[in-house]
Amino acid sequence: MNWQIPLMLAQSTDNLEELRKRTAAISLDGTTVPDSALVRDGTSNPFSTEYWFPTQASSFAAEVDFLYMAVFWISLVFFVAIVGVMIYFCIKYRRKGDVIAPQPSPSHNTAIEILWSVLPSILLVWIFYVGAESYFDMRIPREDAEEIHVTAKQFAWIFTYPDGDQTAELHLVRDRPAKLILQSEDVLHSFFVPAFRQKMDVVPGRYTYAYVNPTQSGQYRLSCNEYCGTGHSKMKTMCEVHDTVDDRKNNTKWIKADHQPWENGKRTYQIQCSGCHKVNGEKATGPALNLIWGIDEKLMTGQTVKVDEQYILDSIWEPAKDVVDGFGPVTKMNSFKGILNQNDVNDIIAYLKKLKEESPAQ
Amino acid sequence: MVDAVTRQKLFGTPEIHFLNCTKGWKSWAFTLDHKRIGIMYLIGVTIALFLAGIFALVLRSHLFKFDSKMLSDDMYNQMFTLHGAVMVFSFIIPSIPAALGNLVLPMMLGAKDVAFPRLNLASFYLWIIGTGCLLLAILSGRGLDTGWTFYTPYSIDTNTGVIYATFGAFVLGFSSIFTGLNFLVTVNTMRLKGQGWFKLPLFLWSLYATAIIQVLATPVLGITLLMLIAEKTMHIGIFDAKYGGDPVLFQHFFWFYSHPAVYIMILPAMGVISELISVYSQKRIFGYSFIAFSSVAIALLGFLVWGHHMFTSGQSQVVTLIFSAITFTVAIPSAVKVFNWLATLYKGSILLNTPMCYALSFIFLFGIGGLTGLFLGALSTDIHLHDTYFVVAHFHFVMVGGTLTALLGGLFHWWPKFFGRMYNDLLGRVGCFLVFSGFNLTFFPQFVMGSRGMPRRYASYDPEFLPFHQLSTIGAFVLGIGILISFIVLVYAAFKGPRCGSNPFRAASLEWQSSSPPDFHNFVHSPVLNDPYDFDSQVYDDELDTYISREFADPTKVPPRTEPVHH
Ligand code: HEM
Ligand SMILES: [Cu+2]
Ligand SMILES: [Cu+2]
C-alpha cells in the first residue's frame, strides 16, 4: 500500500519516480498528467503559501495567494481566540459535583455587542475590497492579449489559435497574455488551471472569457471543473507554457488548418449574408458590416451595446433580440440557428475583424 | 400552593403518557399529535441519514485509491448525486425543524398542539412520498446522475431518472412549506397568555425565522423544478440553449432557493445551541435580543446573496461584485452569535455532559465552516476555490459539523423529556468524541486538496492527492461509527434507560414543566409562565428527585432567590 507518512505533509519529491510510474499508468487510458503536477517545490509547513497552493504561474496568482493567506491568518487568530476562550471557560467554570453555582454576571452589554459586530466588519470590508480588486485583474484582459478559442465538449478540449491551427492541449507563451474565448458544444463545463488560479464556466449558447498572463514556463494541469456527465473526471488535459513564441511553434503538435479562419468566414459570408449585408459601407436590407467590429451599436430601443462575439452570435442566432436602430420594428433577418454553428460564427467574426483592420479608416 | 400528592401527579413519571395512551399502528399512522408526528419524522430522517450515509461510505471507499476501479464513473456519479440529494432534501432540511421542532415547539409555548395538526400530518406524508420519488430514481433502473443541483442543460440531456427525482424534491418542498406555515401560525397565535415575543426561547425565534424562509423561498424551488420537468419533456426553451433558453437562468432560480435553504439548515441548529449553552452553564443567555434579531437578519439577508454560488458562471462582473459584498454582511450576524455563546459560558456552572459536548463541538466546527466561507465570499479566492474540494469541505463543516452536530446535541438534550428515560452519558460522550474527531479527519484534509486544485465530483484523481483522500476515507468510517454509537445509546435509553424526572437538567423553558414523557395533552395543569433563561425559577425537589417551578414547590423548602426575578 502506498501509505505515505507523515500524511499532512506536502508531497515530498523523494518518491517522484514511484509517482511517475503510477501516473504513466493513468495516461494509458488517455489522460495526461504533466510532470510538473507531481513536483511540489512545496514544504510541509502548513503556514506557508507553498503548502496550500501549486506554483504561481500567472500574473495574478500571487495576489490570490496573498488574500488567501491573509484570510487564513485572520481566521486562525479568530478561531484560536474563540476555541481558546471556550476551553478556558469550560475548565475554569466547570461544574464541580452537583452544586449549581453560576456566579452573577451581566447578561447583556450593548457596548461590547456593538464592538464585536463592528470590528470584524472592518476586516470584512478589507477582505472584500482586496478580493474585488484582484478579481478585476483576473477578468479584464490586456489589450494586446492573443485570442485563443477554447471549445469544451463531453469530454475533451479543443484549442484554436488565431491562424486556425488547433491543439488538444493549451499552449501559451511566457509573458504573452492570452484572452481565452470559451464555448461549449453541449453542456456546462468549466475551464480550470490551478497554477494560474483561473477558472471560468463554459456555457453552451454563449461566449465566456478567461484571461491569463503566464509568468512561468512549464506544464500545468487543466481540468474541467463543472460536472458535465459520465466522463467528467476524465476531461483533463494540460497547459504548457513555452519560453518563446518560436519554442511554441516548433515544439507543439499542431493540427494544421487548411485555411485561415477569416477565409472560411468570408466564404460563408458571401454565401449566406452578402445579399443583405454589404461590406462597402452602404446600407442594404441590413446594415453594412465592414466597420461593425468593436463599435458601440445603437439599438432600436435606444440602448447601445458593444459589438463583441456575443453580440454577433446573438445577431445570427436570434436576430429578433437586438434590432439595430433604423431597421425595426421587426427585423428582416432570419435566424441562422441550426444552419450556422458556433464555429462558423467564429469564422465570420474573424472575417469581420479582418474587414475592420483593413478598412482605410483604421 | 400544591401538596406533595399533586406534585407527584403533575411531575412524577406518569403511567399513561403520549407514547402509550393509544396503541396499534393506526394510532400512529393517523395521529394528529405533534409529538408522535415528530417521532415519526425523526425515524424517517434517521433512515434517510443512514441510507445517504451508506452512499457516502461507498464513495469514500472508492476514493481510497486514485485510480480505483471499485465503481464505474457512471456509478460514482449516481452515488454522489443520490448522496447529496437525499442528504439535503430528505434529511438535513427537515431534520431539526420537522423532527425536533415538532416535538418541542408547541410545548415551549405551553400549547396543546400546533395550529394545524392535520397539515402537520400531511407534511409528514408528503415527506414519505417525496423521499419515495427520489429513491424511485434508483429503482427505475436508470439512476440519477446530475448532482443534487440538477444543473441544466445536463439534467435535460441525461436519460437518467431526473423527472422522478425533481418531482420528489418538488413534493418535499411542499412538505417543508407545510411545516413552516404551521410553525408561523402556531408561534403567532398560540403563545401562552402573557408570553411576549421576548419571552420566547431562542430556539423558537430561530424556528420562526426558518419558517419565514421555508414559506417564501421554497415555492421558487417548486416552480423551478416544474419548469425543468417541462423543459425536459416539452422543450419549452427556458433553460436549454438548444431551444433558445439560458442555462445560467436555472442556476439563478436554483440558488435563489438553495442559498436561503442553507439557512433553513443552520438557523434551527443555532437555536438548539443557544438553548444547550445556556441550560448547561445555568446562565441567562448573553445578548438575547442580539441573538434573536441576528436570526431574523440572517433569514432576510440570506435572500440577497444567491449569486455567490455563481461567481464563475458568466454572470456580469458588476452583479458578481454586488453579491460578494452582500455575502460578507451575512457573516456578521453569524459571528455575533458565536461571541454571545462564549459570553454565556463566562462565569457559568458548566456541565460537560453529552448535549453540551455536542454544543461545544458545534462552536468549533461551525467556526471553521463559517470562517472558510470568507475565502469563498471574496472574489479572487473564490475564482480559484469554486467547485473544488475546498467548497465540499466548507459546506460539510457547516451542514454536518453544524446542523448534524446540533441535531445530535438537541436529541440528547430533549430525549429524557420525551422518553422519560436517561441515556448513558459516558457512552454518549464517546459517541460525540468519535463524531467530532472522525468529522475533522474526513473534512479537514479536503481544504488542503481544494486549495491545491482538486476539483469536486471527480471519480479519479491525480496521485498527488492520495494521502489526503485516504485520511478522508478513514475519517468517514470513524464518523460513521460515532453516529452509530450515538444512535444505539439513544435507542437503548428510550427503552431501557433508567427513569428520569420531569426536569433533570434544570431547564426553565416551558416544555420542562410537563411530566416525562409528557401527557397526550402536553400539560395536565396550565404551565406557569416564566422567563426561559431564569434558571433560578426552578428548584430541586428531593421527593421527586428533579427540578420544578418555585410555584409548585413546597414553600417550606424553597431556597431564597439568588437573582432578582426581572432582569
Ligand atoms: C457564515 C457565512 C457563510 C459564508 C460567507 C458562506 C459563503 C459561501 C460561498 C461564497 C459559497 C459558494 C462557494 C462556491 O461554490 O464557490 C458557499 C457554498 C456553500 N455553502 Fe456557504 N457560507 C456561509 C455559511 C454557510 C452555512 C451556514 C451553510 C449551511 C448550513 C452553508 C452551506 C453551503 C453550501 C451547501 C454550499 C455549496 C453548495 C454546492 O455548491 O453544492 N454555508 N458558501
Ligand atoms: Cu466536466
Ligand atoms: Cu450560499
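**View 1. Polar contacts hold the focus around ligand 1.** A polar side-chain atom of Arg456(B) sits 2.9 Å from an oxygen atom of ligand 1. For Asp382(B), an N or O atom of the side chain is 2.6 Å from a ligand 1 oxygen. For His386(B), the corresponding distance is 2.7 Å. A polar contact is a pair of N or O atoms within 3.5 Å; within protein, one must be able to donate a hydrogen and the other to accept it, and residues adjacent in sequence count only if both atoms are side-chain atoms. The model is predicted: local features need pLDDT of at least 70 and side-chain atom pairs pLDDT 80 or more, while totals for chains, interfaces and linings use all residues. Residues are numbered from 1 along each chain as its sequence is written, chains are lettered from A and ligands numbered from 1 in written order, and side-chain values use heavy atoms, without hydrogens or water.

**View 2. The shell around ligand 1.** Ligand 1 has 20 residues around it (a heavy atom within 4 Å). Trp148(B), Asp382(B), His386(B), His394(B) and Arg456(B) come nearest. By class, the shell has 10 nonpolar residues (Ala, Val, Leu, Ile, Met, Phe, Trp, Tyr, Cys, Pro), 2 charged (Asp, Glu, Lys, Arg) and 8 polar (the others, Gly among them).

View 3. The iron atom has a single protein donor, His394(B) (NE2), 2.2 Å away. Donors are N, O and S atoms within 2.8 Å of the metal (3.2 Å for Na, K and Ca); water is not among the atoms, so sites may look incomplete. His394(B) belongs to helix α14 of chain B. Helices are DSSP runs (H or I, at least four residues), numbered from the N terminus. The iron atom and the copper ion (ligand 3) are 4.7 Å apart.

**View 4. Protein donors of the copper ion (ligand 3).** His259(B) (ND1), His308(B) (NE2) and His309(B) (NE2) lie 1.8 to 2.1 Å from this ion. Their spacing along the chain is H-x48-H-H. His259(B) is in helix α9 of chain B, and His309(B) is in the loop between α10 (288-301) and α11 (317-345), 50 residues apart.

**View 5. The copper ion (ligand 2) in chain A.** Cys224(A) (SG), Glu226(A) (O), Cys228(A) (SG) and His232(A) (ND1) coordinate this ion at 2.1 to 2.7 Å. The donors follow the spacing C-x1-E-x1-C-x3-H. The 4 donor atoms subtend angles of 84 to 129°, so the arrangement is irregular.

Note on methods: Four donors count as tetrahedral if all angles lie between 85 and 135 degrees; four count as square planar and six as octahedral if opposite donors are over 155 degrees apart and all others between 65 and 115; anything else is irregular. Helices (H or I, at least four residues) and strands (E, at least two) are DSSP runs, numbered from the N terminus.
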